[in-house]
Every structure is written in structure tokens, then in C-alpha cells.
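Here's a quick briefing to read alongside the sequence and the 3D view. Have both open as you go.

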Amino acid sequence: MNRRLFVLMPLLAASLFAFQFTNQKKSKSRDPNVRNVEGVVSLEDGAPAVGAVVQLKNLKSLQVKSFITQDGGKYQFQNLSTHTDYELKADYKEFASPTRSLTIFDTRLDAVVNLKLEPKKAEEKKSDDKK
């Protein structure tokens, strides 16, 4: 009797262990038509720009969405179409970032686009003063 119990116990433990992994909920696959973009806006010296305005321009509809950076200069835009090109840029006081693109050829569903601020050029300052 003890021998049978000695043989059955490891088999029982192994079957319970296998059942535990097969009984887990399967995670829902992600929609490949939807993506997110996030990043950090930083000043020339690398310090985060808290309060910078990041603009995301949809190049199909020309709609522009804005996000004001949070702690650490972080921003994010969610639920973007993978079938649309976008432009990103940031403004902060007398600084602006170069425009960066997020195109349909970028297949990342969670893209990271960091923006580095530079001093605005004279013509940019004049157009901002007119607004």
C-alpha cells in the first residue's frame, strides 16, 4: 500500500501542476489596427519639460490633438489608427521640437517618440506672437 501511495503522489502532484497552467484565462489578443504613442519631452540639457504642449496631427483628417506633459515630461496618445500617418511636435516657452513622424510603415503598436526641445527660430517666434 505504501509503495502505491509513494508512486501515485508524484503523479497526482504533476497532474495538478499541469492543470493549473491549462486552466488560466487566455489573454485577449490586441487589435492590430490600433496603436499608442508615448514619449518624453526634454530640454536641451536633458531635463524633462513639465507643462510642454505636445501636438499630434492626423495627416489624413488634419485633426490636431494636444497633450500637456506631466511629471517627468511624459505624454501619451492612445487608440490611434495604424492606417494613418501622424506628425508630432512639442512647444514649451521659447522652445520647440523638430517635427517627428509616425507613419503607417512603423509597425509598433506601442511606439515611443521622444521629443527634444531647441530654441525657436526668429520666424517661429514672430508667428507665435501674432497668435
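This is a predicted model: local features need pLDDT of at least 70, side-chain atom pairs count only at pLDDT 80 or more; totals for chains, interfaces and linings use all residues.

The chain has two helices and ten strands, and from the N terminus on the order is α-β-β-β-β-β-β-β-β-β-β-α.

**Thr69**
- You'll find Thr69 in the loop between strand S3 (64–68) and strand S4 (74–81).
- Is Thr69 buried or exposed? Its relative accessibility is 3%, so Thr69 counts as buried, the cut-off for buried being under 20%.
- A polar atom of the Thr69 side chain sits 2.6 Å from the backbone oxygen of Ala49.
- The backbone nitrogen of Gly51 is 2.9 Å from a polar atom of that Thr69 side chain.

**Leu117**
- Leu117 is in the loop between strand S9 (115–116) and strand S10 (118–119).
- With a relative accessible area of 1%, Leu117 is buried.
- Which residues does Leu117 contact, leaving aside its neighbours within four places in sequence? They are Val41, Ser42, Leu43, Glu44, Ala49, Ala90, Tyr92, Phe95, Ala96 and Ser97.
- Ala49 turns up here again: Leu117 and Ala49 are 68 residues apart in sequence, yet 8.5 Å apart in space, C-alpha to C-alpha.

**The largest nonpolar core**
- This core has 19 residues, and those touching the most other members are Val37, Val41, Val54, Tyr75, Phe77 and Leu88.
- Strand S1 (34–42), strand S2 (53–58), S4 and strand S5 (86–92) are the elements that give two or more residues to this core.
- S5 gives the most, with four residues.
- Take Val54 from that list: with neighbours within four places in sequence left aside, Val54 is in contact with Val41, Lys65, Ser66, Phe67, Thr69, Tyr75, Phe77, Leu88, Lys89, Ala90 and Leu115.

**The chain overall**
- The chain has 131 residues, and 24% of them count as buried.
- Among contacts in the chain with a separation of 6 or more, 60% come from residues 24 or more positions apart.
- The accessible surface comes to about 9,900 Å², with 55% of it belonging to carbon and sulfur atoms.

Note on methods: Residues are numbered from 1 along each chain as its sequence is written. Side-chain values use heavy atoms; hydrogens and water are left out. Buried means under 20% relative accessible area, exposed over 50%, partly exposed in between (1.4 Å probe, protein chains only). A polar contact is a pair of N or O atoms within 3.5 Å; within protein, one must be able to donate a hydrogen and the other to accept it, and residues adjacent in sequence count only if both atoms are side-chain atoms. Contact means heavy atoms within 4.5 Å. Accessible areas come from the Shrake-Rupley method with a 1.4 Å probe; for residues, only the protein chains shown count as cover. A nonpolar core is a set of buried Ala, Val, Leu, Ile, Met, Phe, Trp, Tyr and Cys residues joined through side-chain atoms within 4.5 Å.
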